[in-house]
Amino acid sequence: MNMQRPIHGGNLFWAAYQIGCPASSILDFSASINPLGPPQSVLNAIQDALQDINHYPDPNYTQLRKILAQYHHLPPEWILIGNGVAELLTWAGRELAQEERTYVFKPFFNDYLRALKTFQANIEPVDFLWQQDNPIATLTSFKRKKSGVIVNNPHNPTGKLLKKEFFIPLLEESSLVVVDEAFMDFVDPLQEQSLISWISKYSNLIILRSLTKFYSIPGLRLGYVISHPDRIKKWQTWRDPWCVNYLAMVAGIAAINDKEFTYNTKRWLSFTSEKLFQGLSKIKGLKPISSSANFFLVETSMKSSTLQQKLLQKYHILIRDCLSFPELGDKYFRVAVRKHQDNKKLLDALSEILSI
């Protein structure tokens, strides 16, 4: 069997097949998931909920929407629960395809293309000057009327954080602006740049949020969208009934309520990410890029696909190559921030390989 190279991180089945080992033996740096989770509160809630899986879930996910509404200081009508951000991207793609053109900032998350091409959107890539200290985009080429925009913040794969002010001309002159804030929970609270507080001001704004990365439950698939209630109602008519399972809903409620886990994660990430960045910077042949998220994009003197294979075969460590980002190709790889002992294993392995 020939398994196709993955276009997303976290494909341990592909990695295990490459070297003929169990997926459980691979140390995964390719998926940017919080290594401190899942929270015990989430596991306990799932365990307690198993007795209720013989019933259909609430199709409106009322309790989770209510808790998220309180968390973001919004009415529940502004929130829609989704089967991961991937499902919600599909409906964002359908909306964007109705515009004359849709601008995406390259390099961009590959799933944006999947969603946009599904509905035959007219896609126009825009350069994102991500190597600058204050990242900006080449906005002068925009023909904004009757156009849509999709961008993630923090930006994936660079980890750069866009200031809220960056979005003002887009929101005021574009027909539709989709902001993917899947990694915003990892940003230092003093630097956070979410647009959620602007949602009632701009009816053309759609914000996508993930619950799987920060709370380490990607196997459950859980995300949500925040937008105008009229749009939320429209999206509900497009999707399958009960597209989010009951255990995912229960997990989401427990996760949002676990304030201690949130505090501990943010405190841990600030210190650990800086140590990893310093370690990567000291290795000859590597140039990590500063990041506001829980991952680093790293420029490498060795082809990233070659480095990936060497790490996988000898050390059972999986990094994210950037071949699915045409602008980056084999010159870059991406690594998640994991616990200190895991990060040390990565740094030691990279040092050994690149010193040869």
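How many bridges join strand β6 to strand β7? The count is 4, and the two strands, with β7 covering residues 205-210, run parallel. Please keep in mind that this is a predicted model.

Buried here means under 20% relative accessible area.

Now the neighbours of β6. Towards β7, D180 has L208 as its bridge partner. β6 also pairs with strand β5, residues 147-152, in the parallel sense, over 5 bridges. In that pairing, L176 of β6 is the bridge partner of G148. Together with helix α6, residues 168-173, the strands β5 and β6 make up a right-handed β-α-β unit.

Next, helix α7, residues 229-238. Which of its residues are buried? They are P229, R231, I232, W235 and W238. Looking down the helix axis, these buried residues fall within an arc of 165 degrees, so they line one face of α7. D230, K233 and T237, on the other side, are exposed.

What do the buried residues of α7 pack against? The list has helices α3 (62-72) and α4 (84-96), and strands β2 (79-82), β6, β7 and β8 (223-226). That brings us back to β6: the strand pairs with β5 and with β7, and the buried residues of α7 pack against it.

How values were computed: Residues numbered from 1 in each chain as written. Predicted model: local features only at pLDDT ≥ 70, side-chain atom pairs only at ≥ 80, totals over all residues. Heavy atoms only, no water. Pairing = 2+ DSSP bridges. Right-handed = clockwise from strand over helix to strand, strands pointing away. Buried < 20%, exposed > 50% of the residue type's maximum accessible area, 1.4 Å probe, protein only. Arc of directions from axis to C-beta. Contact = heavy atoms within 4.5 Å.
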